[in-house]
Amino acid sequence: MTAPVGGHRIRSLTGIRAIAAVTVCLTHAAFWTGGYTDDYVGRLLGRFEVGVTIFFVLSGYLLFRPWVRSLNEERGTYPRLPRYAWHRVRRIMPAYVITVAAVYLIFLVRTDASTLGQGWSGFFRNVTLTQVYGVGHLHTGLTQMWSLAAEVVYYVALPVIAWPLARYVCRDRWRPDLLIVALGGLLIVSPVWTIAVHGGDVDPTARLWAPAFASWFIAGMLLAVCARLVRSWPAVPSVLIAAAAFLASAGAFAGEATIVPDDPGAAIVKHGLYLVTAVGLIGPLAVRGGRTAESGHDETDGSENLWQRFCGSSPMVWLGEISYEFFLVHVMVLELVMDLLDYQVFSGSLAVAFVVTTAFSIPAAWVLHRVTAPLWRGSHGSDAPSRR
């Protein structure tokens with residue numbers, strides 16, 4: 001999703017996707033090479049999964065922005081559900097299905113040490129993004145897809161939340177105060193869910209279900225509202241706060257190096273610090289980029305700051321364009337790279353594994369992007385990139 005407005009793409013919001021994808025790759029390389037040690041450095045390496053939070057916040061911002069724009073203009077018309085749904089399916093599923101099929105084909109000739117997600121039932125679970133519901137369905141090479149399974153739930157939930165907010169809460173008028181209060185209230189979904197699913201006889205996979213991370217998506221929706229209200233968002237203090245929150249997240253109080261720590265309090269703190277990190281990085285781009293794009297001017301008008309220039313640079317934008325495909329393929333590539341380097345699981349050089357995995361994942365992602373882009377690139381709307 002690159003969020004064009006009036007035919008203009010916000011380059012920096014595309015570029016920051018590259019950061020999200022690379023950090024996720026880094027944390028997986030750290031896990032595979034045994035970097036998740038029980039100390040500050042080990043936890044910090046695990047925390048690079050914050051890239052997932054960046055993706056979630058960015059999705060919430062981009063997908064809710066058309067609703068905010070319609071309310072701001074008080075047109076009384078909102079994104080049409082069939083069009084929205086079709087765009088999301090076209091953008092997400094072709095590359096995903098190809099990746100899943102390719103991974104299962106690879107393991108027809110490659111031994112899989114794991115017994116999870118095997119057979120036609122496993123394939124069905126993975127191809128339909130239902131592999132997170134119940135233990136035993138996360139297939140080797142596809143384990144990172146738990147986050148995509150959560151994100152598609154947000155895609156479905158967005159119109160369910162946005163339409164009542166626009167029609168009944170705001171009465172088709174621009175009421176940012178009501179939007180902020182309503183969305184702010186929804187932020188408690190994730191902490192409440194986290195507490196509810198820790199302990200007892202609750203399915204352990206429930207910790208990976210969409211409600212556990214909904215606050216990140218909702219924060220992106222809030223950011224879309226605030227971007228209409230805030231005249232400026234200073235980049236330097238915002239990025240510094242984001243960095244401080246990220247470094248703090250590696251403290252022992254935020255739990256062990258795992259997606260959802262065993263202690264619910266630690267999980268809530270960790271996810272909250274991730275939220276601060278993602279919003280701190282995206283905020284200056286959303287406010288500055290949104291105002292520039294909506295005014296009909298190119299974002300690179302010479303007045304942007306260093307953070308905007310970096311995220312909007314050509315290499316970052318290019319990698320951001322293929323970041324989704326990079327995310328899809330990098331874990332399977334990492335599996336093959338570990339074999340290529342003759343590394344046993346939980347051993348080897350993190351730096352080498354990360355660099356080689358990235359080097360092989362980029363061309364694979366580019367090919368996958370080129371193959372699937374014709375299926376969605378011609379669309380128009382909030383999720384179709386424009387070319388100039």
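**Exercise 1.** Compare the reach of helix H9 (residues 214-226) with its expected span.

*Solution.* Helices here are DSSP runs of H or I of at least four residues, numbered from the N terminus. The expected span is 1.5 Å times one less than the number of residues. H9 has 13 residues, for which 18 Å is expected. From first C-alpha to last, H9 reaches 18 Å, close to that value. The model is predicted, with local features needing pLDDT of at least 70, side-chain atom pairs pLDDT 80 or more, and totals for chains, interfaces and linings using all residues. Residues are numbered from 1 along each chain as its sequence is written, and side-chain values use heavy atoms, without hydrogens and water.

**Exercise 2.** State how many residues of H9 are buried.

*Solution.* Buried means under 20% relative accessible area (1.4 Å probe, protein chains only).

**Exercise 3.** Check the length of helix H4 (residues 81-109), then find its bend.

*Solution.* At 1.5 Å a residue, the 29 residues of H4 should span 42 Å. The end C-alpha atoms are 42 Å apart, which agrees. A bend is the angle between axes fitted to the seven residues ending at a residue and the seven starting there. H4 bends by about 30° at Met 93, and Pro 94 follows within four residues.

**Exercise 4.** Name some buried residues of H4 and what covers them.

*Solution.* The buried residues include Tyr 84, Arg 88, Ile 92 and Phe 107. Their cover includes helix H3 (50-73), helix H6 (146-169) and helix H15 (350-372).

Definitions and conventions:
Helices (H or I, at least four residues) and strands (E, at least two) are DSSP runs, numbered from the N terminus. Buried means under 20% relative accessible area, exposed over 50%, partly exposed in between (1.4 Å probe, protein chains only). Contact means heavy atoms within 4.5 Å.
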